[in-house]
Amino acid sequence: MFNSTTLEVAIGLVFCYASVALIVSSINEAIASALKLRSNSLLEGVKSLLNDPKFEGLALNVYNHGLVSHLGQGDAENAQDLKNKPSYIDPKHFAIALIDNIQTIPGDFAQLGKDIDAMKDPQLKRLLQGIYGRASGQIENVHAEVAAWFDAGMDRLSGNYKRRSQLYCLIIALVIAALFNIDSFRLFTTLWQHPAIAAGINASTPSADISWKEFMSLPIGWTADTPPLSGTQLAGWLVTASTTLFGAPFWFDLLQKLVRLRGTGNKPGADGK
């Protein structure tokens, strides 16, 4: 069972990590939104999936389809003309848009097979010929399998985007750790010596409502008695930054559990006992 000091140290550390993770997540989301990283990443993924790197063939036609670009005019001639690029495409809508742009006679299944045979891209042609052959004469089966193919491609894209996002979060977190001097080793040592510092921290409010006053009351920041920069301090910043990779929900959930656990006992007094 945790003793009082251990529990307060854990609460202080977890609250700090949760706060940093939330700040980092907010900054990362703001940057992603401002730079339209999701929509641009999706566009690159579709161009790669349809072997249309110059965005002048199938990928462009798919993006001009009403089911894909709901807010677009459908007359884009290049990527710069796409004023409202979607950040998500429903796989079923992608499948319909792709087949609509391949077939020359809507609803004519036999003609669709001829249209696929006439495609110039050998890789896409083989893929769609296989799908067409397994469709049992039903256009719905073609749509379903194309949607599944698109979904698998987007899963890989999402994985790549998530890894890049984690790298960005780590860099942002490292900058924040340096700016506020959030050294995990110093934080642990100070909390261990003065556990009452964390006594006022609670997790009764949603994670988005973190108390800035409580956060700044922790032993962080630059003061007159802050030791000179050292390798240990740099390592402490790196540890702090690394904790953000777990995500704010993880840390706030753990914080609530620790606070509930503390509720079964007494908080340390002003003397730290």
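This is a predicted model: local features need pLDDT of at least 70, side-chain atom pairs count only at pLDDT 80 or more; totals for chains, interfaces and linings use all residues.
Biologist: What makes F109 and Y132 a stacked pair?

Modeller: Aromatic rings of Phe, Tyr and Trp (its six-membered ring) pair if their centres lie within 6.5 Å, and planes under 30 degrees apart count as stacked, over 60 as edge-to-face and the rest as tilted. The structure holds 10 aromatic pairs. In the pair of F109 and Y132 the ring centres are 4.5 Å apart and the planes stand at 15°, so the pair is stacked.

Biologist: Why is that pair said to tie together parts of the chain?

Modeller: Helices (H or I, at least four residues) and strands (E, at least two) are DSSP runs numbered from the N terminus. F109 lies in helix α5 (residues 109-117) and Y132 in helix α6 (residues 122-133), so the pair joins parts that are 23 residues apart in sequence.

Biologist: Is F109 called buried or exposed, and why?

Modeller: Buried means under 20% relative accessible area, exposed over 50% and partly exposed in between (1.4 Å probe, protein chains only). F109 has 18% relative accessibility and therefore counts as buried.

Biologist: Why are F188 and W192 called stacked, and where do they lie?

Modeller: Their ring centres are 6.0 Å apart and their planes are at 20°, so this pair is stacked. Both residues lie in helix α8 (residues 184-193), four residues apart, which is about one turn of the helix. F188, with a relative accessible area of 40%, is partly exposed, and W192, at 43% relative accessibility, counts as partly exposed.

Biologist: Which residues form one aromatic cluster?

Modeller: The cluster is formed by Y17, F246, F250 and W251.

Biologist: How do you know that E29 and R38 meet in a salt bridge?

Modeller: A salt bridge is a side-chain nitrogen of Lys or Arg within 4 Å of a carboxyl oxygen of Asp or Glu. The N to O distance between the side chains of E29 and R38 is 3.0 Å, and they therefore meet the definition. Both ends are partly exposed, because E29 has 36% relative accessibility and R38 has a relative accessible area of 36%.

Biologist: How many salt bridges does a search of the whole structure find?

Modeller: The search finds four salt bridges. One of them joins K47 and E44 at 3.2 Å, N to O, and both residues lie in helix α2 (residues 37-49), three residues apart, about one turn of the helix. K47 is buried, with a relative accessible area of 12%, whereas E44, at 45% relative accessibility, counts as partly exposed. Another pairs E145 with R134 at 2.4 Å, N to O. This pair links distant parts of the chain, with E145 in helix α7 (residues 139-179) and R134 in the loop between α6 and α7, 11 residues apart.

Biologist: What makes up the largest nonpolar core?

Modeller: A nonpolar core is a set of buried Ala, Val, Leu, Ile, Met, Phe, Trp, Tyr and Cys residues joined through side-chain atoms within 4.5 Å. The largest has 36 residues, of which V46, L50, F94, L98 and V146 touch the most other members. The elements giving two or more residues to this core are α2, α3 (58-63), α4 (91-102), α5, α6 and α7, and its largest share, seven residues, comes from α7. A second, separate core of 34 residues includes L22, V24, L187 and F252.

Biologist: Which residues is L50 in contact with, leaving aside its neighbours within four places in sequence?

Modeller: With contact taken as heavy atoms within 4.5 Å, L50 is in contact with L58, A59, V62, F94, L98, D121, L124 and W149.

Methods:
Residues are numbered from 1 along each chain as its sequence is written. Side-chain values use heavy atoms; hydrogens and water are left out.
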